[in-house]
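Dear colleague,

Here is the structure you are taking over. My notes on it follow below the view.

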Amino acid sequence: MKRLNLLIAKLALLPVLCLGVSLQAAASAPARLGATPQMGFNNWNSTHCRDEFNEQMIRGIADKIVSLGLRDAGYRYVNVDDCWANWQRDKDGKLQANPKRFPSGMKALADYIHSRGLKFGVYSSAGTSTCEPLQENRGFPGGLGHEKEDAASFAAWGVDYLKYDNCNNQKIPALQRYTAMADALRATGRPIFFSVCEWGENKPWLWAGKPPVDAQSWRTTGDISDSYASMLKVFKQDVVLDRYARPGHWNDPDMLEVGNGGMTDVEYRSHFSLWSIMAAPLLIGTDLRTIKPEALKILLNKEVIAVDQDPLGVQGHQVRDAGGIHVIVKPLKDGSRAVVVFNETDGAQDVDVAPAEIGLKPGRYEMRDLWLHSGRSGDGSIAVKLQPHASAMYRIRAG
Ligand code: GLA
């Protein structure tokens, strides 16, 4: 009888014990990589391979991310792009930093960036050399055939992110090349965000987000450049791929150009609104040491960032694409929805959006304008005059 009582008491405790164990597991489980789209900085759009791209610059950028309040707004990754590596591997076949640009080495750079509460990313290519044109018959070494030792170097340096490009790929199938690096990264045991960059050539939205690659993001387009025409082209290619994006796996229409000077502030606001409603990576591509206040204001719009980073993790869906007017709707975790209305055309347009078009039932709604930072209540309909290339962005909640 005593034994039976003891058994009953033990059984009664079981759920409590299980709960304790699972709570403990939850507390110690690492945050899922890419649970929301990656945010941070990459030097490519501002410097390409010019000499100014060096360790002093990158350290200065890390400092600025902190002092300008960008880290606190969510920008975490500091990523170096092509041309960080030395022309040759070392005598053991390992990648090494270019001694002119990064004399202190990659580990020291990673340590510095980590000491600022940020994360560190590097670049390589799933080919025999990277994309920067060969000089004196030498290119920067790529990862093809060196996946294991390169991933081990990245992990040893403290790398948190790899952008893996597609140049000089010897026509080996993309799935094979990206799987080799994905496996090598996983084998290091270090969580390293894997950003596939094959420019949408092999429809990566169909395979890159699933095992065996299981990447956190994949480029959907060719390179963006700092012009309205380029931004528009990239947007149109990415916006129709919404069904493939989900937490941990994002469409990547390339990095931001905000602040680089080739677009007006109106166009940069559209760029930032569109990337955010598409749950795209927000990787700053301008030199933060010289950024103008208006561009910084765009990058620091926390209400817009919150749409991009919403934990429901749904890419906005385009419900209208007609006459140069685009309407995109993104459901959010708290039951509200974000809406962007974008005027692609060169003329001012009066745009009306009925509640039903953006999925709203008849009722009362709080309409928050995310650029004017003001709210009003209404029936969910939108009537707005948009200047050429301008966008309006709202967060609409019932009540
Ligand atoms: C490719 C990529 C760019 C950039 C360059 C570097 O073009 O798509 O984003 O990384 O290579 O050479």
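Please keep in mind that the model is predicted.

Overall form

The secondary structure consists of 10 helices and 16 strands. The radius of gyration is 23 Å, close to the 21 Å that the globule rule gives for 399 residues, so the protein is as compact as a globular protein of that length. Along the principal axes, the C-alpha atoms fill a box of roughly 85 × 70 × 40 Å. Of the contacts between residues at least 6 apart in sequence, 70% join residues at least 24 apart. The accessible surface is about 17600 Å², and carbon and sulfur atoms account for 55% of that surface. There are 47 positive and 45 negative side chains, with the centres of the two sets 8 Å apart.

Helix H6

H6 covers residues 174–187, which makes 14 residues. From first C-alpha to last, H6 reaches 20 Å, close to the 20 Å expected at 1.5 Å a residue. Its buried residues are Ala-174, Arg-177, Tyr-178, Thr-179, Met-181, Ala-182, Ala-184 and Leu-185. An α-helix has 3.6 residues a turn, so residues three or four places apart point the same way. The cover over the buried residues of H6 includes helix H5 (147–157), together with strands E4 (161–165) and E5 (193–196). After H6 comes Gly-189, with a positive phi near 80 degrees.

Backbone points to check by eye

His-48 sits in the loop between helix H2 (44–47) and helix H3 (55–67). Its relative accessibility is 34%, so His-48 counts as partly exposed. Asn-168 is in the loop between E4 and H6. With a relative accessibility of 35%, Asn-168 also counts as partly exposed.

There is also a cis peptide bond, which joins Pro-211 and Pro-212 and has an omega of about 5 degrees. Pro-212 belongs to the loop between E5 and strand E6 (217–219).

Two buried residues

Ser-46 is part of helix H2. Is Ser-46 buried or exposed? Its relative accessibility is 14%, and the cut-off for buried is under 20%, so Ser-46 counts as buried. Ser-46 and Thr-286 are 240 residues apart along the chain, yet their C-alpha atoms are separated by 5.0 Å. Leaving out residues up to four places away in sequence, Ser-46 touches Met-57, Asn-260, Gly-285, Thr-286 and Asp-287.

Phe-140 is in the loop between strand E3 (119–125) and H5. With a relative accessible area of 4%, Phe-140 is buried. Thr-130 lies 10 residues from Phe-140 in sequence and 5.5 Å from it in space, C-alpha to C-alpha. Which residues does Phe-140 touch, not counting those up to four places away in sequence? They are Asp-82, Cys-83, Ala-85, Asn-86, Trp-87, Thr-128, Ser-129, Thr-130 and Glu-132.

Regards

How values were computed. Residues numbered from 1 in each chain as written. Heavy atoms only, no water. Helix = DSSP H or I, 4+ residues; strand = E, 2+ residues; numbered from the N terminus. Expected span 1.5 Å × (residues − 1). Buried < 20%, exposed > 50% of the residue type's maximum accessible area, 1.4 Å probe, protein only. Contact = heavy atoms within 4.5 Å. Rg over C-alpha atoms; globule rule 2.2 N^0.38 Å. Areas by Shrake-Rupley, 256 points an atom, 1.4 Å probe, with all protein chains shown as cover. Lys, Arg positive; Asp, Glu negative; His and termini not counted. Charge placed at Lys NZ, Arg CZ, Asp CG, Glu CD.
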